[in-house]
Amino acid sequence: MKIGIIGTGYVGLTTGTCLAELGHDVTCVDNDPKKLEKLQAGKSPIFEPGLEELMAKNSQAGRLTFTADIKPVIAASEVIFICVNTPPKKDGHADLKYVEHVAREIAEGINGEYKVIVDKSTVPVKTAEKVYETIKRYSRPDAQFDVVSNPEFLKEGTAVQDTLEPDRIVIGVDSKRAEAVMLACYQPLIDKTHAPVKITSVKSAELIKHGANTFLATKISFANLIAQTCEAVGADALEVLEAIGLDERIGSQFLKPGIGFGGSCFPKDIAAYKKTLEVLDLNPDFIEAIEALNEEARNRFIHKIEKELWVLDGKRIAVLGLTFKPNTDDIRNAPALTIIKKLQLDGAKIITYDPQGMGNAQQELSDIEYATDPYDAIKSAEALVICTEWDEFKKLDLDKIKSLMATPIIFDGRNIFNPKQMAEKGIKYFGVGR
Ligand SMILES: NC(=O)c1ccc[n+]([C@@H]2O[C@H](COP(=O)([O-])OP(=O)(O)OC[C@H]3O[C@@H](n4cnc5c(N)ncnc54)[C@H](O)[C@@H]3O)[C@@H](O)[C@H]2O)c1
């Protein structure tokens, strides 16, 4: 099938590349000239394991191309995926101006042939209705099209694998014609993986995405509530949560205490869902509690550092990990940024290392030193703060850490180390909920 992808970020580039891998003829559109230059040179603008190799393979096979020119892509494609960003507005509503802009461009490019317009960006329920109205308003009178919702569940860091081996494929359609086109689009993947396909109404599909992210964020905030309780009574949150998670009805994933969730999705998606509840005159207290616990997790961690180090002014603090989670270069809403900025306000001198996030961090952070490796960051530090659980950090030599640091104190925001082992090594150690 001929497929157009509008927006080549984490979602668009992965979706486009994987659909090409499945045999489709894919053209990706982006309006960021810098990004496009890289893509056309065969380079991925983002760090995502396996993506660049797959891009090269499919570009060479002639199934994957990149352009800034949207009109011919709309005219030539049977299926057009909208994958643009939907950032939060200041009040928490999702900002849908990029989606609206693309809808207008699609309207202008649409010809006499039937098109399926797929909303893959995460959007509030009833957005597809607005996309439909917009395209209808600005397109030629004989335009034939349907708008469907096909939410994306990939995780940064395993985006290619998640796309090629999905847990489920959700297709929200209100027309049989669009359903048949979408099933044809995903048929090679369904044949290969036997992934469950959920055909729903458009509105249900839109809600599935906000519901899934809210539930995952709930598990993290719940784990942080247990961590607070454990710290208050001297229990171990990891023991408590591990045993809770062994209940099949609950499951252990995302039941980990730490410095809270960040990234480009959870904070904005649950804020947008809260706004949906408010607009519908429904009670948003549940979401507010998740958000409050998340903020508290970060603040309590900062407070632990401030309490132990007392005066931070002039102190050299090493921060390991900048990205919101491992195996990505994405630092959007990463807890590390909030923590670093607060420690800098207190006068601390920060030296940091992250395997992939330092390039992006340069646009966000100032007055900071970037180290060449973890040990280089730790050298002469009066405290080590761990913000991201990269595997590389889990394997660090504790004796070497101790000998390099001015004073061996570790604040482990991701519980990657064992408190008992730290005590044996003579390192003062603060985990979360332990
Ligand atoms: N990142 C994730 O892990 C993830 C997972 C699932 C869903 N989502 C959702 O998918 C959507 C995209 O997320 P992302 O992380 O890929 O965003 P992103 O910011 O990485 O990428 C968006 C891309 O769209 C491009 N763009 C914006 N307006 C455009 C236009 N008019 N024409 C052409 N290109 C345009 C931007 O230049 C950018 O390259 C969001 O709604 C997000 O919530 C993200």
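A residue is called buried when its relative accessible area is under 20%, exposed when it is over 50%, and partly exposed in between, as found with a 1.4 Å probe on protein chains only. The structure is a predicted model, in which local features need pLDDT of at least 70, side-chain atom pairs count only at pLDDT 80 or more, and totals for chains, interfaces and linings use all residues. Residues are numbered from 1 along each chain as its sequence is written, and side-chain values use heavy atoms, with hydrogens and water left out.

Salt bridges (a side-chain nitrogen of Lys or Arg within 4 Å of a carboxyl oxygen of Asp or Glu) number 30 in the structure. In one of these, the side chains of Lys-342 and Glu-306 meet with N and O 2.8 Å apart. Lys-342 belongs to helix H13 and Glu-306 to helix H12, so this pair ties together parts that lie 36 residues apart in sequence; helices here are DSSP runs of H or I with at least four residues, strands are runs of E with at least two, and both are numbered from the N terminus. Lys-342 is partly exposed, at 29% relative accessibility.

A further salt bridge joins Glu-129 and Lys-203, at 3.7 Å from N to O. Because Glu-129 lies in helix H6 (residues 127-138) and Lys-203 in helix H9 (residues 202-233), the pair links parts 74 residues apart in sequence. Glu-129 is partly exposed at 36%, and Lys-203 is likewise partly exposed, at 42%.

Lys-176 forms a salt bridge with Glu-179, with 3.2 Å between the closest N and O atoms. Lys-176 is exposed, with a relative accessible area of 65%, whereas Glu-179 is buried at 16%.
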